[in-house]
Amino acid sequence: MSSDAVELTGEELAGLGPLARIAWQAWAEDAPTALSLMPDPRAHFSMLEREAEMEEDRIVPQLQGPDQPGESTIEKAGRIRAAQSRAREMVIAEMLRPPHQLQDPEDEDLDRRDVEAFTTGISYYLLPWVTTAPDPVEDPDLWEEYQDRLVEKLDAQDQERTRQQRRQQERQALIARARVYLGLSD
């Protein structure tokens, strides 16, 4: 789930049925980039709701099965209700969630970055009293430690630049997939 999850307003949801609301919320949480590209989200989710309701109506009879000999009215009502609930769960899972290829990547780097920032910070500020490079002749151990920390800092900066470039490429690819899915490609 993206950290950019959108909070929906009552105005956006007004007039939408329950399945359209569920779909909109799922897309807002899992695929905010694709949602932001939709020219008319209300129409998209209303259509998705109609399709989901039709599919739900189609599969309920299959799930409820035939009447059972000696089945009481309460047992039959329970079986039908269970089939309706299962059908609802199925259409929500299969039809209302955004396709995997349109979901924004989770920001699993947050925890890793916190750890890296802490450990890099410790390494970087390990020698806070050093305002200029130490003299390699006077203190070769301090010089070596200083050089190691500089190399670590430069490596960390390069790795972060590479990560940012990869994320930008992944985002551009996600936008391209969403545009194709939504029929917006040129």
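The structure holds 10 salt bridges, a salt bridge being a side-chain nitrogen of Lys or Arg within 4 Å of a carboxyl oxygen of Asp or Glu. Side chains of opposite charge can pair when their charged atoms come close. This is a predicted model, in which local features need pLDDT of at least 70 and side-chain atom pairs count only at pLDDT 80 or more, whereas totals for chains, interfaces and linings use all residues. Residues are numbered from 1 along each chain as its sequence is written, and side-chain values use heavy atoms, with hydrogens and water left out.

One of these bridges joins Arg88 to Glu56, with 3.1 Å between the closest N and O atoms. This pair links distant parts of the chain, 32 residues apart: Arg88 belongs to helix H5 (residues 73-96) and Glu56 to helix H4 (residues 41-64). Helices (H or I, at least four residues) are DSSP runs, numbered from the N terminus. Glu56 is buried at 9% relative accessibility, while Arg88 is partly exposed at 30%; buried means under 20% relative accessible area, exposed over 50%, and partly exposed in between (1.4 Å probe, protein chains only).

Helix H7 (residues 140-181) contains both Asp158 and Arg161, 3 residues apart, about one turn of the helix. Their side chains meet in a salt bridge at 2.4 Å, N to O. Asp158 is partly exposed at 40% relative accessibility, and Arg161 is partly exposed at 43%.

Arg166 and Glu170 also lie in helix H7, 4 residues apart, and form a salt bridge at 3.5 Å, N to O. Arg166, at 37%, is partly exposed, as is Glu170, at 38%. Elsewhere, salt bridges that share partners join Asp67, Glu71, Lys76 and Arg79 into one network.

Key. Helices (H or I, at least four residues) and strands (E, at least two) are DSSP runs, numbered from the N terminus.
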